[in-house]
Amino acid sequence: MTIRVLIADDQMMVREGFSVLLNAMPGIEVVGEAVNGREAVAKVRELAPDVVLMDIRMPELNGIEATREIVAADGAAKVLVLTTFDLDEYVYQALRAGASGFLLKDASARQLADGVRVVASGEALLAPSVTKRLITEFSKLSDTPRLMPSAQAAYGDLTERETEVLVLIAQGMSNSEIAERLVVAESTIKTHVSRILVKLGLRDRTQAAVFAYEARLVTPG
């Protein structure tokens with residue numbers, strides 16, 4: 001099945017470059033472009049892409065707010081944030097807003113295509129080691145609890161094993177790595193992950209990792 005991609009960036013060269021690279025990849029099609037966040041939100045409604053490559057710094061509506069609106073619309077589109085450097089506070093904010101991961105703008109064509117495929121598949125936690133470092137860094141910015149009351153209540157519904165799996169997700173482990181660590185079948189871990197997301201009302205593994213850090217289940221460091 002072809003993965004439909006929307007590229008949102010205010011720089012024409014970036015949009016055109018990524019379009020050429022992605023359209024040359026099997027199973028990926030760029031279905032539209034947007035020059036700002038407001039247009040990105042409108043194009044998602046119009047074109048129903050599977051993945052949105054979202055720049056953060058755009059006029060009219062920035063990538064963080066655009067991501068929040070796209071996720072709130074409860075559509076199928078997954079947002080993959082584009083940034084020029086990985087330790088970027090705005091990227092962390094975008095992850096909290098519902099982005100499924102992030103990618104550096106200097107990524108190779110293969111990394112770009114792989115990132116799109118990973119996010120489209122629902123795995124979401126792109127480049128775990130880098131994402132973990134970013135979440136760790138910016139979870140230090142405030143000592144004020146960030147969890148909404150509803151999320152705090154939902155956390156109490158997790159079983160001991162589900163909490164254990166959640167911590168391992170936040171540490172950047174894949175399902176297969178978690179299964180090996182806990183000596184269970186990978187299918188069992190997939191079931192745990194699905195239940196965690198449902199109970200906590202989260203969209204994907206990236207939001208689960210952010211939740212774990214903000215719930216102080218994993219100590220930043």
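Asp55 lies in strand β3, which covers residues 51-55. Helices (H or I, at least four residues) and strands (E, at least two) are DSSP runs, numbered from the N terminus. The structure is a predicted model: local features need pLDDT of at least 70, side-chain atom pairs count only at pLDDT 80 or more, and totals for chains, interfaces and linings use all residues. Residues are numbered from 1 along each chain as its sequence is written, and side-chain values use heavy atoms, with hydrogens and water left out.

An unreviewed UniProt entry lists Asp55 under "modified residue: 4-aspartylphosphate". UniProt positions are given in the numbering used here, feature names are shortened, and annotations may be inferred rather than shown by experiment. Is Asp55 buried or exposed? Asp55 has a relative accessible area of 6%, so it is buried. Buried means under 20% relative accessible area, exposed means over 50%, and partly exposed is in between (1.4 Å probe, protein chains only). Apart from neighbours within four places in sequence, Asp55 is in contact with Ala8, Asp9, Asp10, Gly63, Leu82 and Lys105. Contact means heavy atoms within 4.5 Å.

## The protein overall

The secondary structure of the protein consists of 11 helices and 5 strands. The protein has 221 residues, of which 50% count as buried. Among contacts between residues at least 6 apart in sequence, 69% join residues at least 24 apart.

## Nonpolar cores

In soluble globular proteins, nonpolar side chains tend to be buried together. A nonpolar core is a set of buried Ala, Val, Leu, Ile, Met, Phe, Trp, Tyr and Cys residues joined through side-chain atoms within 4.5 Å. The largest one here has 26 residues, and Val52, Met54, Ile70, Val79 and Val81 touch the most other members. Two or more residues of this core come from each of β1 (3-8), α2 (37-47), β3, α3 (63-72), β4 (78-83) and α4 (89-97). The element that gives the most to this core is α4, with 5 residues.

Leaving aside neighbours within four places in sequence, Met54 is in contact with Ala8, Ala40, Gly63, Ala66, Thr67, Ile70, Val79, Leu80, Val81 and Leu82. There is also a second, separate core of 23 residues, which includes Ile169, Ile178, Leu182 and Leu197.

## Helix α1

Two packed helices are described by the angle between their axes and the distance between the axes. Axes are lines fitted to C-alpha atoms, for helices over the stretch in contact, and angles run from 0 to 180 degrees between N-to-C directions. Helix α1 (residues 12-23) packs against helix α5 (residues 109-121) at an angle of about 75 degrees, and their axes are 10 Å apart. The two helices, α1 and α5, are therefore roughly perpendicular. Angles under 35 degrees count as roughly parallel, over 145 as roughly antiparallel, 65 to 115 as roughly perpendicular and the rest as oblique. Phe18, Leu21 and Leu22 of α1 meet Ala109, Leu112, Ala113 and Val116 of α5 in this contact. By class, the contact has 7 nonpolar, no polar and no charged residues. Ala, Val, Leu, Ile, Met, Phe, Trp, Tyr, Cys and Pro count as nonpolar, Asp, Glu, Lys and Arg as charged, and the others, Gly among them, as polar.

Arg15 is also found in α1. Arg15 is buried, with a relative accessible area of 9%.

## Helix α8 and its partners

Helix α8 (residues 160-170) and helix α10 (residues 186-200) pack at about 95 degrees, with axes 10 Å apart. This angle makes α8 roughly perpendicular to α10. From α8, the contact uses Arg161, Glu162, Val165, Leu166 and Ile169; from α10, it uses Ile189, His192, Val193, Arg195, Ile196, Lys199 and Leu200. These residues divide into 7 nonpolar, 1 polar and 4 charged. In α8, 8 of the 11 residues are buried.

Ala212 is found in helix α11 (residues 205-214). Ala212 counts as buried, at 0% relative accessibility. Beyond residues up to four places away in sequence, Ala212 touches Leu166, Ala170, Leu217 and Val218.

## Two loop residues with positive phi

Glu60 is not a glycine, yet has a positive phi of about 70 degrees. Glu60 is in the loop between β3 and α3 and counts as exposed, at 69% relative accessibility. Val183, in the loop between α9 (175-182) and α10, has a positive phi near 55 degrees. Val183 is exposed, with a relative accessible area of 72%.
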